Amino acid sequence: HLDMKQATQPQNRHPTKGIEFLHTLTLGGIEQTIYVHGNDSTAPVLLFLHGGPGLPHMPFAHVNAELAHSFVVVHWDQRGAGKSYSPALKAAHFSIEQFVSDAHELIHWLCERFQQPRVTLVGHSWGSALGAIVAARYPQLVAAYVGIGQVTNLQAAELVRFRLAIELGREHEDKTALDALVRLGPPPYRTPRQSDVLERWACRLSGDCHRPLADARFFRLALSSPVYSWLDLLKIPLGVRCSERCFWDEIVRKIDLFRQVPRLEVPAYFLIGQHDVVGTHSLARRYFEMLEAPRGKTFITFERSGHWPHLDEPNRFRAILAGTVRDGRLVGAPSTWWPQAA
């Protein structure tokens, strides 16, 4: 594990040596923590925007640690998440605009810190919606945008998910599931718990969806993190509950990339699990097809993945980021194909 006291201050920059540190900085008046690692401090900066809201990806960063060969990788625990959780946070501290402002401020800090003109944004789930909005608003600061488990419109995704669950329940003749879904009723829902119940049934019926906070595999991954302590792990469910309580309703009601981000002025890559029942593969594909992207767009399907292709198929994920994205290949020639990793 990194020495927490020493790691909170950035190391002195050396043009050809590796870099690794934890750092707490103030964004929008709230202290938030980032983890930075790279084999070459002059490499392009990659900023990972996690999902949730409130579900940090930092405890899973080591799964794709090899990205440090190609980038300076930055994992950010957003306000209210993981290392950035505080019981003092209230609803007034959460809004889509505030998260966009935090991301913008962090990007400026990273560009100045690493003397780079722009960063590559990689967003997962809620972070993919945040990343698309940031990339559309500040294209001069974004080298490329990568959406994983792309969120486009959560209300539309819930309806797709409900219809899928009903269809699968009938196909499997699962009376228990069908009775539960009838009691739940179709969306829109008033609480995150209702949405969570639907997601659990859709995952169970499809047989191909991970639950990061309940699945033993994800718990083991988090326990093996070199940068997350037991105390940090205990903060995760607290942060998720706080973020859902303060922020879930706004995300569900207001996120609609079809309307908010119809055009991106940066290269855009969409890495989507075939079995994603959260953002849904079909909605992500529909958004990709309508998106105007004069600098090119690419759609890649992960056939053996659900909502977490970067953890389900990490070798392939790293190959795409270190090759296709870093080098700007396939841009302008939409593709749904990629050779399977050995």
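Which residue's side chain is joined to that of His307 by a polar contact of 2.9 Å? The partner is Asp276, whose side chain meets the side chain of His307 in this predicted model.

His307 belongs to the loop that runs between strand 8 (297-302) and helix 11 (309-312). With a relative accessible area of 5%, His307 is buried, because a value under 20% counts as buried.

## Backbone features in the loops

Most residues other than glycine have a negative phi, and most peptide bonds are trans. Against that background, two peptide bonds may be pointed out. The bond from Gly52 to Pro53 is cis, with omega near 5 degrees, and Pro53 sits in the loop between strand 3 (45-49) and strand 4 (72-77). The bond from Pro187 to Pro188 is also cis, with omega near 15 degrees, and Pro188 is part of the loop between helix 5 (175-184) and helix 6 (192-206).

Glu173, in the loop between helix 4 (154-172) and helix 5, has a phi of about 55 degrees, while Thr280, in the loop between strand 7 (268-273) and helix 10 (281-290), has a phi near 75 degrees.

At 4% relative accessibility, Gly54 counts as buried. Although Gly54 and Ala81 are 27 residues apart in sequence, their C-alpha atoms are 4.3 Å apart in space. Ala81 is also one of the residues that Gly54 touches when residues up to four places away in sequence are not counted, the others being Ile236, Gly239, Val240 and Ser243.

## The nonpolar cores

The largest nonpolar core holds 61 residues, and the members that touch the most other members are Leu47, Trp76, Leu121, Tyr145 and Phe270. Helix 2 (residues 96-114) supplies the largest share of this core, with 9 residues. Another core lies apart from it and has 17 residues, among them Phe48, Tyr269, Ile300 and Val325.

## How helix 4 meets helix 8

Two packed helices are described by the angle between their axes and the distance between the axes. For helix 4 and helix 8 (residues 230-254), the angle is about 85 degrees and the axes are 6 Å apart. The two helices are therefore roughly perpendicular to each other, since angles of 65 to 115 degrees count as such.

On the side of helix 4, Leu154, Gln155 and Glu158 take part in the contact, and they meet Trp248, Ile251, Val252 and Arg253 in helix 8. The residues of this contact divide into 4 nonpolar, 1 polar and 2 charged.

Asn153 is found in the loop between strand 6 (142-148) and helix 4, and it is buried, with a relative accessible area of 14%. The side chain of Asn153 reaches the backbone nitrogen of Ala156 at 2.9 Å. Leaving aside neighbours within four places in sequence, Asn153 is in contact with Ile255, Asp256, Phe258 and Leu283. The C-alpha atoms of Asn153 and Ala284 are separated by 9.3 Å, although these residues are 131 residues apart along the chain.

## His37 in strand 2

Where does His37 lie, and is it buried or exposed? His37 lies in strand 2 (residues 30-38), and at 8% relative accessibility it counts as buried. Not counting residues up to four places away in sequence, His37 touches Ile19, Glu20, Ala65, Ala68, Phe71, Val72, Val73 and His75.

Methods:
Residues numbered from 1 in each chain as written. Predicted model: local features only at pLDDT ≥ 70, side-chain atom pairs only at ≥ 80, totals over all residues. Heavy atoms only, no water. Helix = DSSP H or I, 4+ residues; strand = E, 2+ residues; numbered from the N terminus. Core = buried A, V, L, I, M, F, W, Y, C linked by side-chain atoms within 4.5 Å. Buried < 20%, exposed > 50% of the residue type's maximum accessible area, 1.4 Å probe, protein only. Polar contact = N/O pair within 3.5 Å; in protein donor to acceptor, adjacent residues only side chain to side chain. Axes fitted to C-alpha atoms, helices over the stretch in contact; angles between N-to-C directions. Parallel < 35°, antiparallel > 145°, perpendicular 65-115°, else oblique. Contact = heavy atoms within 4.5 Å. Nonpolar A, V, L, I, M, F, W, Y, C, P; charged D, E, K, R; others polar.
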